[in-house]
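Q: I would like to go through this model with you. Could we begin with the overall fold and then turn to the details?

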Amino acid sequence: MVQPLKTNLPEAFTFSQSSLQDYVDCPRRFQLRYIEKLAWPAVETEPVLENERRQKEGQFFHRLVQQHRLGLPSARLRRLASTPTLGRWWDSYLGSNFHLEGFTEHSELSLSAPLGPYRLLAKYDLIALKPKEKVLIYDWKTYHQRPKDEWMAARLQTRVYRALLVEAGASLNAGSPILPEQLEMVYWYAEFPTEPARFPYTSPQHHRDWEYLSGLVGEIGRHSHFDLTTDEKKCAYCPYRSYCNRGIQAGSDAEIDLETELAGIEINYEQIPEIEF
Ligand code: SF4
């Protein structure tokens, strides 16, 4: 017998940019993934092997950079960049000057704060700051194509990461709240190392973001029915296609635009265990 879907959030639910993005993209996906906790199959796109390889390399690249920021010698880490793609990304990373002289760095740092009756959590690739002067959020992206800046600006990651750092970052800033005007988020693209996307921040933006996020989690908490998205392009890279009767084959459709594809194959680093070095 088919079990009825659960509709209520577990108590003390913690939201992340990924779960909020899932809800915005498709309420049913949010429900299946975070309330029903249905397994997230490994195979999401075609060609399967190519995508799996890329995801594993992206995951490994993040860990290499983390170890490097923590002080492991680059020559030793270079030997671990054992595929042509990893080697290319690693060389691009080492060849980039991030201009972080004088900054204190926090790699793979998690921050959280209350958001209405819930919590909001984010795991940052790198936060670099000069207390009371400048705060930079770096996020490493291994996309095979560079998305438009407007698309990245609208992603929940961009809104959540900046807003949450303002709300929860005082302990990193010698006890003083981080002012939005001090903050900038940078997406550094391993395949396009000279074309990072930079997103400064302002107090009005922060006010709007926090209001929006508070409203969004309130809306999710009140939901009793999580609809399937009406934008079926979103299903092309979703692992719940067969569950929702939205097709069996993963998307390899040339008509799917780049950003839809990138959103579909984005690696959820919040759910990936650490790699041992
Ligand atoms: S297959 Fe489509 S409708 Fe179903 S959860 Fe995924 S995105 Fe939503």
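Q: What share of the contacts in the protein with a separation of 6 or more comes from residues 24 or more positions apart?
A: Such residues account for 69% of those contacts. Please bear in mind that this is a predicted model.

Q: And how many helices and strands are there?
A: The protein has nine helices and six strands. Of its 277 residues, 49% are buried.

Q: Turning to helix H1, why is it described as largely enclosed by the rest of the structure?
A: Helix H1 spans residues 17-25, and eight of its nine residues are buried, so the rest of the structure largely encloses it. The buried residues are Gln 17, Ser 18, Ser 19, Leu 20, Gln 21, Asp 22, Tyr 23 and Asp 25.

Q: Now the aromatics. How many aromatic pairs does a search of the whole structure find?
A: The search finds 23 aromatic pairs. One of them joins Phe 61 and Tyr 93 in an edge-to-face arrangement, with 6.4 Å centre to centre and 85° between the planes. Phe 61 belongs to helix H3 (residues 48-69) and Tyr 93 to helix H5 (residues 84-95), so this pair ties together parts that are 32 residues apart in sequence.

Q: Are those two residues buried or exposed?
A: Both Phe 61 and Tyr 93 are buried. Another pair, Tyr 124 with Tyr 161, is tilted, at 4.7 Å centre to centre and 50° between the planes. Because Tyr 124 lies in strand E3 and Tyr 161 in helix H7, that pair ties together parts 37 residues apart in sequence. The relative accessible area is 0% for Tyr 124 and 3% for Tyr 161.

Q: Which residues do ring pairs link into a cluster?
A: The cluster consists of Phe 61, Trp 89, Trp 90, Tyr 93, Phe 98, Tyr 138, Trp 140 and Trp 188.

Q: Which ring does the charged end of Arg 159 sit over?
A: That charged end sits over the ring of Tyr 212, 4.2 Å from its centre.

Q: Last topic: what surrounds the ligand?
A: The surrounding residues include Cys 26, Arg 29, Lys 234, Tyr 240 and Arg 246. By class, the shell has six nonpolar, one polar and four charged residues.

Terms used: Residues numbered from 1 in each chain as written. Predicted model: local features only at pLDDT ≥ 70, side-chain atom pairs only at ≥ 80, totals over all residues. Heavy atoms only, no water. Near = heavy atom within 4 Å. Nonpolar A, V, L, I, M, F, W, Y, C, P; charged D, E, K, R; others polar. Buried < 20%, exposed > 50% of the residue type's maximum accessible area, 1.4 Å probe, protein only. Helix = DSSP H or I, 4+ residues; strand = E, 2+ residues; numbered from the N terminus. Phe/Tyr/Trp six-rings, centres within 6.5 Å; stacked < 30°, edge-to-face > 60°. Lys NZ or Arg CZ within 6 Å of the ring centre and 35° of its normal. Contact = heavy atoms within 4.5 Å.
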